There are 2 protein chains.
Amino acid sequence: MSDRAGFATRLDSWRARVERQLAQRLDQHDPAVARLDEAMRYSTLGGGKRLRPVLVYVTGSALGAAPEALDAAAIAVEMIHVYSLVHDDLPAMDDDDLRRGRPTCHKAFDEGTAVLVGDALQALAFEVLAGNAHTAMAPAARLQQIQVLAQGIGTAGMAGGQAIDLESVGRKLDAGTLRDMHARKTGALIRASVLLGAIGAGVQEGADYEALGRFGAELGLAFQIQDDVLDVAGETGALGKTAGADAARGKPTYPSVHGLQRSIELARAHHDAAIAALGSLAGRAPDLLALADMVVDRNH
Amino acid sequence: MSDRAGFATRLDSWRARVERQLAQRLDQHDPAVARLDEAMRYSTLGGGKRLRPVLVYVTGSALGAAPEALDAAAIAVEMIHVYSLVHDDLPAMDDDDLRRGRPTCHKAFDEGTAVLVGDALQALAFEVLAGNAHTAMAPAARLQQIQVLAQGIGTAGMAGGQAIDLESVGRKLDAGTLRDMHARKTGALIRASVLLGAIGAGVQEGADYEALGRFGAELGLAFQIQDDVLDVAGETGALGKTAGADAARGKPTYPSVHGLQRSIELARAHHDAAIAALGSLAGRAPDLLALADMVVDRNH
């Protein structure tokens, strides 16, 4: 289980599973809303690192869950992630033209449709979680997944982080506020993904649950700092989105506040804190270590 | 129970309860996201007919639920309704400046914040439902409420109706498509509100549940047709939003497709169908009849 070659194969297989599950769920063909359905598929399918659903699968299966018990949570977190990208790309938010190497949803369709794509994907994520009919998932566990996800994406989490982001354009943030923004904007959903996997395996509280929550939060920070670093040091082609966009927009980022070199060190420090949080779980979940390495070693 | 004077008192009392519950839930005071919190309170508190939460309370208490068991569902459906108004008012959608007699959210705050207000209210609605800790609500019933709500607001419901609406501007819709648009855009959430009340009372399937679903769907159509009628025949002051806005925007409405007189008749016909659907429940839930009358007799 701990060899890295095996990890790459398992990663590919989880990603293929996510893709299949998403395609199946979005294959609706309701003629009255054909354009909305198409825009939802366009935004969701055929791209992305799928980090969040992979975290659901890797965490849950390390703790003994069958993949079938994890499918609903995996696609739900990815639907939420995609909805957030579609809304963040809107002209009133980041005003981005390029995402995953293709025109953003509001460019390929229109702005009103992009608003609805996000709205409908959020609703679908909760519908999928509530409807998870796998026998291993007791109603109370499904409710807990819904609560953890909802808390991770509300004002205390993703939407709150985006609000801080909106207000911070052109301003100088102190290091604490910047960290809080990243923790909410990115960390909260990554943490929720890990916890949804744990709950899917019946781990709903206790030391392992707490450790995984800390792991997810630290990993989420490492991920977002690495995103900031790549926005400065990366290339548009590899990123699939516009390099240098944050700086051009006057957005506070880790490099703008801490400098590039220190930001690279901080990404690594949060990676290390994530690993440390796992404690004895690291031995049982080696693929979480490999995922954590991937987050800070990636170039896109 | 069946006197109409008593109904007015009970209606006021349900509305006050909704207001109190919403204010309590939105009283968050998280300094990092103060502006978003304020925009959520601005959009949610101090206005509105509160029809959907009142339907939750009236349906649920007619079937024997304690109000405390219904609070979560009541504020959840209103949060969803408010989120839909905030997003529908956006420049990329209906581009409205006035709502409930005040500037719309994106006018009073900004467009990005309005997107986030809707996103965060949707998440909060599901968080509230999942977290409903009333002892009468078994986990399976809470899950069913989440499913019913999510289905009512996704592509098969509210978001789908809004997508048809977006595409229909400047076009002529046939009567069937117009009806489908209204059934999704407005009917689906009103139907969900009635069903959430029923589930809150432990009525999760069977003849009463089916009858209430039909009642809600017909009432929702009657409500939206009456809205169309008031957009033509009403006054901006009484409406709290701009009269004549649909026609100015080239939107297909019941009056534009069926004429004003026939639209008034159709609203009444769906009202009657709603009452008929109730069958023997009408005797046990007289306030549902009073609410149905209110929907077609209102002038705002």
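Is helix α4(A) mostly covered or mostly uncovered, and how many of its 22 residues are buried? In this predicted model, α4(A) turns out to be mostly covered, with 20 of its 22 residues buried. The helix takes in residues 67–88 of chain A, and from its first C-alpha to its last it reaches 31 Å, close to the 32 Å expected at 1.5 Å a residue.

A compact globule of 300 residues would have a radius of gyration near 19 Å, and the 18 Å of chain A agrees with that. Of the 300 residues in chain A, 54% are buried. Among contacts in chain A with a separation of 6 or more, 73% are between residues 24 or more positions apart.

What about the inside? In soluble globular proteins, nonpolar side chains tend to be buried together. Here, the largest nonpolar core has 192 residues, and Ala76(A) and Ala76(B) are the ones with the most contacts inside it. Once neighbours within four places in sequence are set aside, Ala76(B) is in contact with Ala125(B), Val128(B), Leu129(B) and Leu149(B).

Next comes the way the two chains sit together. Two copies of a chain are related by a rotation about an axis and a shift along it.

The contact itself takes 45 residues from chain A and 45 residues from chain B. On the side of chain B that touches chain A, the elements giving two or more residues are α2 (34–44), α6 (111–130), α7 (139–153) and α8 (158–168) of chain B. The most comes from α6(B), which gives 13 residues. By type, the residues on this side of chain B divide into 24 nonpolar, 12 polar and nine charged.

Ala159(A) has its place in helix α8 (residues 158–168) of chain A. With 29 C-beta neighbours inside 10 Å, against a cut-off of 20 or more, Ala159(A) counts as buried. Apart from neighbours within four places in sequence, Ala159(A) is in contact with Ile153(A) and Gly154(A), and also with Leu116(B), Asp119(B), Ala120(B) and Ala123(B). The C-alpha atoms of Ala159(A) and Lys185(A) are separated by 6.9 Å, although these residues are 26 apart along the chain.

Arg4(A), on the other hand, lies in helix α1 (residues 4–25) of chain A. Arg4(A) counts as exposed because it has 12 C-beta neighbours inside 10 Å, and the exposed class takes in residues with 12 or fewer. Along the chain, Arg4(A) and Pro286(A) are 282 residues apart, yet their C-alpha atoms are separated by 9.4 Å.

Notes. Residues numbered from 1 in each chain as written. Chains lettered and ligands numbered in written order. Predicted model: local features only at pLDDT ≥ 70, side-chain atom pairs only at ≥ 80, totals over all residues. Contact = placed C-beta atoms within 7 Å. Helix = DSSP H or I, 4+ residues; strand = E, 2+ residues; numbered from the N terminus. Nonpolar A, V, L, I, M, F, W, Y, C, P; charged D, E, K, R; others polar. Expected span 1.5 Å × (residues − 1). Rg over C-alpha atoms; globule rule 2.2 N^0.38 Å. Core = buried A, V, L, I, M, F, W, Y, C linked by C-beta atoms within 7 Å.
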